[in-house]
Amino acid sequence: MFGVFSGWQKTVGRILFLTLLVSAPSIFAEKSKKTIPAKESRISAFEITEGDRTFIELREAAKRNDVTRSQTLAASLSNYPYDDYVAYFRIKPQLFDSAGGARADSSADSQVVAFLNQYQGTALADRMRNDWLLVLGKRKDWSRFDAEYPKFVLDDDTQVKCYSLQSKLAQGENPTKVAIDARAILLDPRYFGQACQELVPTLVGAGGMTPSEAKAIGRAASEMGFDTMSRRLGGEDPIAEIVKAAKADPAKAFKDFSQNASRYSKENQAVAWGVIGQFLAKKLDPNADDAYRLQQDLGYNELLSTESQEWKVRAGLRAKDWTLVKNAIEGMNPAVRSKDPAWTYWYGRALKVEGQNEKARENFELIADQYNFYGQLAREDLGKSNHAPVRTKVSDAEIEAMSQRKGFVRGERLYAMNLRFEGNREWNWELRNMTDKQLLASAEYAKRIGLYDRVVNTADRTKLEHDFSLRYPTPYRDELSPIAKQIDLNLAWAYGLIRQESRFIMNASSSVGASGLMQVMPNTAKYVAKKIGMTSYTNDKLADTNTNLTLGSNYLNMVLVDLDGSWVLASAAYNAGPSRSKTWREKLTSPTEGAIFAETIPFNETRTYVKNVLANATYYSSVMQGQTQSLKQRLGVITPKAANASELP
């Protein structure tokens, strides 16, 4: 999204989707009589009935955990075809209170059991089991919890994992062993809930975790602003005031602690320098490297939060302190180190600087089969191509077979009602255990019915057989190509950005008001329209495909010119605003390779956004032009420059 700090996000709740429109087929689609024109697509052909409207109202009541309203609405939908969802939305509010917390009573247990038996093996049954496990954990019903937990297929709820570890402790499992598992999941306090806040002090009491480790987990919560949670996890933190000071003014905290550090124990000095280093690094302050080197000398890497561990690497990268980069990655929690290919790549680069070329190659090889940002960089470091892989084709019969899949049929109907969360659940559940060719057939089917976000999501899952014309589709090319050509805008980059912004959902709308394929903000749209002479523009026209693409493309070109032709800076500006891009560039102390600049962008969303957009652009070029592309060339080198004022919004 341009002009504001808010881009495409998959997280439900961040993005609100409006009417789903479908697009013309990609030019890479083989001509087939089975391709469904947009105006005849199954989704757009669905009619929303009065029953559907009541169903949508029921869903909203269930989201609020409004028991009375949910019961009333569910009773009026006795013959509705989605009987499992009606039942789920009726039962779920009985499991949680109005604040979203699990209820401890067992009054709904029989209804849950009946639901699980009736709809066994479905996506919604797995969702219900997730909900019930939270209730069973809340009331410490470990016998029933342990019977149900192995049946939870997705197993993607941090609270449920914490309850499972509580159950193990309650049944006498070795606390030290349980603590090992706990360290692997206690990485992000945003997902801890009540279960993890109970687990940590229980582990301390059982001797499986030290008080220092508990305080470190609590400190991670405090760093994110969860001060009450912090105290529940680790009690009073002896450096709580330093954490508070570092968040408010890290430069002052650095100066003050430099004078007062000797008052604290070696352990507390180390963790304090780690916290100060994190917040200095997020301000792109050169002193971050000094703070982290002081921490490194003192040790206690294991007591740093995930954020502090990751920003320690970034501070080293920004300062070109490859020794710190290497030490920081070696000192990471293994769970942190393994969750992002960035750390494997930068560890290889640090080894290369030390002259350990063979070990560096070994690290690059570990991620060279990945098609993400760092997989591309690793291949280039190995001297390999980033050319799109050979296309695996699927037959019409294989594609047609997907149209009979229950999850897809149900998903389409839910998409037609703009219930994307539920639609995605049904679609993704159907993808489980598919072969690569089945995934490609599913992606091709999604393209034929105009579900381009599912095209990308589904094709992205293949491991050995691929079709990058599905991973990187080009709908709306007839509209976008002439616009890009007229202003000399790189088409691959524009597509890479749209893929990240909206996943080609025509009427995607963000919670802050951006809309359409290129997530255009109304105020910015007015500015661009005036600049290019679109005199008849009004904001209601943002829903028009051609208008959205015209305004978005022109703004993208404007920020590119404003930022001296740097795709890295312009991509960041489109997401977070030109002034921020310029400020981040101004704070450089020397010319910096684009990959390092991208990795050290202070905003999590913008950092991910820039890496994805440019990685996308590389493969779009390969797919559209059939040429090997260099991501490093696209990233270039970012040179320090004073941040001049810009009239661009």
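Colleague: How many aromatic pairs does the structure hold, and what makes two rings a pair?

Modeller: The structure, a predicted model, holds 37 aromatic pairs. Rings of Phe, Tyr and Trp (its six-membered ring) pair if their centres lie within 6.5 Å; planes under 30 degrees apart are stacked, over 60 edge-to-face, and the rest tilted.

Colleague: Why is the pair of F145 and Y163 called edge-to-face?

Modeller: The F145 and Y163 centres are 6.5 Å apart and the planes make 70°, and edge-to-face asks for over 60 degrees, so the label holds. F145 is in helix α7 (residues 142–148) and Y163 in helix α8 (residues 158–170), 18 residues apart. By helix I mean a DSSP run of H or I, at least four residues, and by strand a run of E, at least two, numbered from the N terminus. F145 and Y163 are both buried, that is, under 20% relative accessible area with a 1.4 Å probe and protein chains only (exposed is over 50%, partly exposed in between).

Colleague: And what makes W493 and W567 stacked?

Modeller: Their planes are 5° apart, with 5.3 Å centre to centre; stacked needs under 30 degrees, so they qualify. W493 lies in helix α30 (residues 491–501) and W567 in helix α33 (residues 567–576), so the pair ties together parts 74 residues apart in sequence. W493 and W567 are both buried.

Colleague: Which residues do ring pairs link into a cluster?

Modeller: F55, Y80, Y82, Y85, Y88, F89, F115 and Y119.

Colleague: What makes something a nonpolar core, and which residues touch the most other members of the largest one?

Modeller: A core is a set of buried Ala, Val, Leu, Ile, Met, Phe, Trp, Tyr and Cys residues joined through side-chain atoms within 4.5 Å. The largest has 112 residues, and W346 and W493 touch the most other members. Helix α36 (residues 604–625) gives the largest share of this core, 10 residues. A second, separate core of 59 residues includes A74, F96, W132 and V178.

Colleague: Why is α11 called largely enclosed?

Modeller: Because 10 of its 13 residues are buried. Among them are E213, I217 and R219. The buried residues of α11 pack against several helices, including α9 (175–185), α12 (227–234) and α17 (306–319), where contact means heavy atoms within 4.5 Å. After α11 comes G225, with a positive phi near 95°.

Colleague: How do you know that the protein agrees with a compact globule?

Modeller: The rule is 2.2 Å times the number of residues to the power 0.38, with the radius of gyration taken over C-alpha atoms. With 649 residues that gives a value near 26 Å, and the protein has 26 Å, so it agrees. Buried residues make up 57% of the 649.

Colleague: What are the ground rules behind these values?

Modeller: Local features need pLDDT of at least 70 and side-chain atom pairs 80 or more, while totals for chains, interfaces and linings use all residues. Residues are numbered from 1 along each chain as its sequence is written, and side-chain values use heavy atoms, leaving out hydrogens and water.
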